[in-house]
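The sequence and model are shown first.

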Amino acid sequence: MRSYVVVYARGLKSDGSVCDEGRLRCDLGLEMAKAIPNSFIVLGAGIPEYAELNYVSSLAEAMAIYFANNGWPREKILINPKGYETVGETIAAYEAIKTSGKGPITVVSSWYHVFRIWLIWIFRFGIFVKVRNVKHKVDISTLVKSVIAVFYSSCIAIIWNDRVASRVRKRIIKKYVIE
């Protein structure tokens with residue numbers, strides 16, 4: 001049976017490489033995938049609306065390059081770069097897994113992000129996922145944005161739809177390329 005490790009994107013540096021927090025997520029995802037037999041890494045992050053990037057086609061592609069450069073076989077990376085926020089990224093990952101076959105799912109993100117991801121998997125798809133989080137220091141603004149995003153991205157997206165949640169969230173949380 002296949003197993004899946006869904007790694008959530010964080011952002012890119014100005015040179016198109018994965019940012020430091022994203023690299024921590026990728027490293028943990030790689031460690032998890034190596035520890036689980038017959039596992040596939042799943043990436044669902046598309047092109048964020050702030051991006052004016054010409055060097056990669058999506059955040060998922062930048063992450064796939066990182067995984068491949070760190071020894072993970074490219075054929076064991078599932079990419080469906082349709083999401084540009086947590087809800088959209090989860091839906092894209094779910095679609096990639098659905099077309100690939102059933103199996104247990106482990107999600108990897110930062111500690112302040114995993115509760116929101118866990119809620120989305122349960123309420124949108126009825127799937128209980130294993131959660132693994134990266135522990136690192138976070139500034140207060142990131143923490144406040146995360147609390148706001150939990151409410152808007154999870155609750156509103158579950159009650160209404162992804163477009164409404166995305167529009168509301170864009171007004172509240174400014175997205176930016178991480179230097």
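1. The model is predicted: local features need pLDDT of at least 70, side-chain atom pairs count only at pLDDT 80 or more, and totals for chains, interfaces and linings use all residues. Residues are numbered from 1 along each chain as its sequence is written, and side-chain values use heavy atoms, with hydrogens and water left out.

2. Helix H2 (residues 59-69) is largely enclosed by the rest of the structure, because eight of its 11 residues are buried (under 20% relative accessible area, 1.4 Å probe, protein chains only). These are Leu-59, Ala-60, Glu-61, Ala-62, Met-63, Ala-64, Tyr-66 and Phe-67. The buried residues of H2 pack against strand E1 (3-7), helix H1 (20-35), strand E2 (39-45) and strand E3 (77-83).

3. Gly-71 follows H2 and has a positive phi, near 95 degrees.

4. Helix H3 (residues 86-100) packs with helix H4 (residues 114-125) at an angle of about 55 degrees, their axes lying 10 Å apart. The crossing of H3 past H4 is right-handed (the near helix is turned clockwise from the far one by less than a right angle).

5. In H3, Thr-86, Val-87, Thr-90, Ile-91, Ala-93, Tyr-94 and Ile-97 meet Arg-116, Ile-117, Ile-120, Trp-121, Arg-124 and Phe-125 of H4 (heavy atoms within 4.5 Å). The residues of this contact comprise nine nonpolar, two polar and two charged.

Key
Axes are lines fitted to C-alpha atoms, for helices over the stretch in contact, and angles run from 0 to 180 degrees between N-to-C directions. Helices (H or I, at least four residues) and strands (E, at least two) are DSSP runs, numbered from the N terminus. Ala, Val, Leu, Ile, Met, Phe, Trp, Tyr, Cys and Pro count as nonpolar, Asp, Glu, Lys and Arg as charged, and the others, Gly among them, as polar. Buried means under 20% relative accessible area, exposed over 50%, partly exposed in between (1.4 Å probe, protein chains only).
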